[in-house]
Amino acid sequence: MKRALKTIIAFALLVAVWEGLVLAKFWSPVLLPSPVDVGKYLIDSIRDGTLLKASAITMKRLGLGYAVGLVLGLPLGLLIARFRFFQDTLGLLALGVQTLPSVCWAPLALLWFGQTEAAMFFIVIMGSLWSITLATDAGVRNVPPIYARAARTMGSRGWHTWLTVILPASLPFVVSGMKQGWAFAWRSLMAAEIYITVLTGFGLGQLLHYGRELNAMEQVIGIMFVIVLIGLLADKLLFSPIERFMHRRWGTAK
Amino acid sequence: MELKFFCREIFLRFFSILLFLTWLPGLSYLRTMNTEFHYRSEPAEKLAIESVSKTFNGRSGKVHALDQVSLNIKEGEFVCLLGPSGCGKSTLLNIIAGLDPPDSGQVLADGKAVTGPGRERMVMFQESALYPWLDVLGNVLYGLKLKPNLTRSERRKVAHFYLKLVGLEKFVHAHVHELSGGMKQRVALARALAPNPRVLLMDEPFAALDAMTREQLYGDLQEIWGKQRKTIVFVTHNVREAVCLGDRVILFSRSPGKIQDHFDIALPRPRGMNSANLANYAAAIDERLKELLKKEQGELNELKVLNG
Ligand SMILES: Nc1ncnc2c1ncn2[C@@H]1O[C@H](COP(=O)(O)OP(=O)(O)OP(=O)(O)O)[C@@H](O)[C@H]1O
Ligand SMILES: [Mg+2]
């Protein structure tokens with residue numbers, strides 16, 4: 001409780017200093033608007049529904065794309081770890097493509113899917129899929145061989161060993177890969193939304209883009225604030241619980 | 001607090017379902033397993049090791065880990081393999097388990113050649129090899145779940161029975177990392193015993209423990225063995241441990257790994273570590289061991305002289 005209070009006070013101070021500096025005309029409000037203006041924009045846009053609608057659209061793109069990345073990435077990673085052939089082909093491809101910032105897919109996505117949701121999904125999937133695949137592969141490789149040997153003496157074979165030993169044993173790696181995949185997906189979606197105008201719906205990135213076009217810096221900063229907030233929430237609600245669960249199980253907590 | 005707990009539950013469930021979905025094809029395979037049935041006090045198995053050899057091509061050249069090792073073990077016998085570090089004891093144990101194939105020779109279990117690992121021959125490894133993502137009960141249940149034709153409640157009953165046997169009934173739901181080294185090895189023992197194997201292969205299971213815990217476990221192991229006569233092959237490099245536990249002590253020498261001597265230990269059970277008779281046996285074996293080591297050293301020196 002005390003910690004939370006301290007955090008809140010620290011941030012309140014920061015905002016107060018910011019407001020103070022704007023009031024003292026330290027810089028032109030065109031360059032960096034006051035927090036009050038940003039707040040006003042946020043409240044207005046919540047009232048007229050644009051912000052919530054844009055957030056919903058963005059979250060839908062992200063959630064679906066990420067889920068597909070996860071469902072494809074896990075088996076692909078296992079495949080790479082299991083078979084030498086896939087390691088030499090798919091593994092190499094994944095390693096190479098992973099270094100590619102996924103907005104680079106935007107031109108192709110536009111060409112293939114047009115200005116549609118599908119293009120957005122594609123970019124999100126490309127952003128998350130490869131890092132999840134590679135993390136799963138790394139996780140499997142780091143499983144101590146003695147776990148599988150012990151399972152085999154107890155009568156476990158093939159698929160069963162993979163399902164009940166290799167997969168859970170690689171969970172710490174897989175989860176950190178999922179987290180990285182999430183971060184990549186989030187970044188690539190924002191870049192794509194700013195870069196591409198999709199006719200089927202306006203996400204947060206598009207709102208930010210229009211803020212810039214209109215020279216409405218309070219809108220730009222307000223949207224940035226929302227983006228940060230969503231990222232934080234995802235981390236705290238989605239990944240922290242899993243990580244805490246694992247720390248408790250594995251005994252790796254500090 | 002409530003809300004946090006709730007969210008955690010929801011997301012954990014969401015993710016487990018997601019992970020699960022990616023693996024449906026694997027599951028369908030699972031259903032096809034588990035066909036044979038044998039449970040209830042299974043008879044011990046006799047083992048015949050027939051001129052087994054194994055060489056490793058390590059970074060420091062060829063290592064002749066086992067050279068034409070032959071050994072017969074009666075059903076229900078408690079045999080200790082004793083020898084200096086690196087003489088191939090673990091290698092032999094893994095071959096008996098079916099985890100690694102020999103280069104030549106074979107292992108027969110009740111007359112049938114061992115071609116792979118199986119739950120008739122359970123292994124207790126040098127490290128505990130427990131699964132950290134399962135709790136104590138889950139670890140013991142793992143092997144039982146692979147035994148066909150057991151109901152859920154039967155499995156739980158068996159697991160609880162063995163956890164009680166090793167004195168851990170209070171730690172059924174503990175995480176693995178919350179256990180001490182000795183407790184971990186007890187869980188590993190329970191896990192190895194629970195599927196009721198016919199042979200128990202133990203690779204220095206108590207080496208990392210303190211003397212007091214170890215002595216306690218010697219007592220437990222002898223008691224369990226007295227009740228359910230399994231064939232036990234116990235690897236150790238501790239002479240007193242070997243004499244305390246074994247009906248027979250097999251002495252190994254190094255490079256190449258070879259059997260040098262057999263000692264029958266005709267002492268009444270249960271044996272305490274501190275009896276005078278035990279000390280006599282230990283002294284005799286110790287002497288022989290030192291002799292062997294000296295000979296090995298002599299041969300090494302000779303080699304050095306020969307090589308200039
Ligand atoms: N995978 C391997 N690759 C190369 N050499 C190996 C391998 N496994 C074992 N060896 C070698 O084989 C020999 C026997 O090893 P082993 O593990 O059976 O010894 P050990 O008798 O169990 O020793 P310890 O009492 O120290 O456990 C050693 O010299 C070791 O270096
Ligand atoms: Mg060993």
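## Domain and chain contacts in a predicted model

Between domain 1 of chain B and domain 2 of chain B there is one salt bridge. It joins D220(B) to R186(B), whose closest N and O atoms are 3.4 Å apart. The structure is a predicted model, and the values below are computed from it.

**Domains of chain B**

Domain 1 of chain B covers 75–120 + 197–308, and domain 2 of chain B covers 131–196. Their C-alpha centres are 26 Å apart. In the contact, 16 residues of domain 1 of chain B meet 14 residues of domain 2 of chain B. The two domains bury about 1300 Å² between them, with 64% of that area given by carbon and sulfur atoms. On the domain 1 side, R119(B), P197(B) and I224(B) supply 39% of the area buried against domain 2 of chain B, more than any other three residues.

On the side of domain 1 of chain B that touches domain 2 of chain B, the elements giving two or more residues are β7 (199–203) and α7 (211–227) of chain B. Of these, α7(B) gives the most, with seven residues. By class, this side has eight nonpolar, three polar and five charged residues.

**Domains of chain A**

Chain A is divided into domain 1 (1–32) and domain 2 (33–249). The C-alpha centres of these domains lie 32 Å apart. Eight residues of domain 1 of chain A and seven residues of domain 2 of chain A take part in the contact. Domain 1 and domain 2 of chain A bury about 590 Å², and carbon and sulfur atoms give 71% of it. W18(A), E19(A) and L32(A) lose the most area on the domain 1 side, together 62% of what that side buries.

The side of domain 1 of chain A that touches domain 2 of chain A has seven nonpolar residues, no polar residues and one charged residue.

**Chain B against chain A**

Chain B puts 39 residues into the contact between the chains, and chain A puts in 36 residues. About 3900 Å² is buried between chain B and chain A, 74% of it on carbon and sulfur atoms. The rule finds one salt bridge across this interface, formed by D100(B) and R149(A) with their closest N and O atoms 3.1 Å apart. There are also 11 residue pairs in polar contact between the chains, both residues being at pLDDT 80 or more.

At least two residues each come from α1 (2–21), α2 (24–31), β6 (121–124) and α4 (136–145) of chain B on the side that touches chain A. The largest share of that side, eight residues, comes from α1(B). Its residues divide into 24 nonpolar, seven polar and eight charged.

**Ligand 1**

Ligand 1 is surrounded by 13 residues, the closest being S85(B), G86(B), K89(B), S90(B) and T91(B).

| Residue | Protein atom | Distance to an oxygen atom of ligand 1 |
|---|---|---|
| G86(B) | backbone N or O atom | 2.8 Å |
| T91(B) | polar side-chain atom | 2.5 Å |
| E204(B) | polar side-chain atom | 2.9 Å |

How values were computed. Residues numbered from 1 in each chain as written. Chains lettered and ligands numbered in written order. Predicted model: local features only at pLDDT ≥ 70, side-chain atom pairs only at ≥ 80, totals over all residues. Heavy atoms only, no water. Contact = heavy atoms within 4.5 Å. Buried area = accessible area lost by both parts, 1.4 Å probe. Salt bridge = Lys/Arg side-chain N within 4 Å of Asp/Glu carboxyl O. Polar contact = N/O pair within 3.5 Å; in protein donor to acceptor, adjacent residues only side chain to side chain. Helix = DSSP H or I, 4+ residues; strand = E, 2+ residues; numbered from the N terminus. Nonpolar A, V, L, I, M, F, W, Y, C, P; charged D, E, K, R; others polar. Domains from an automatic or database assignment. Near = heavy atom within 4 Å.
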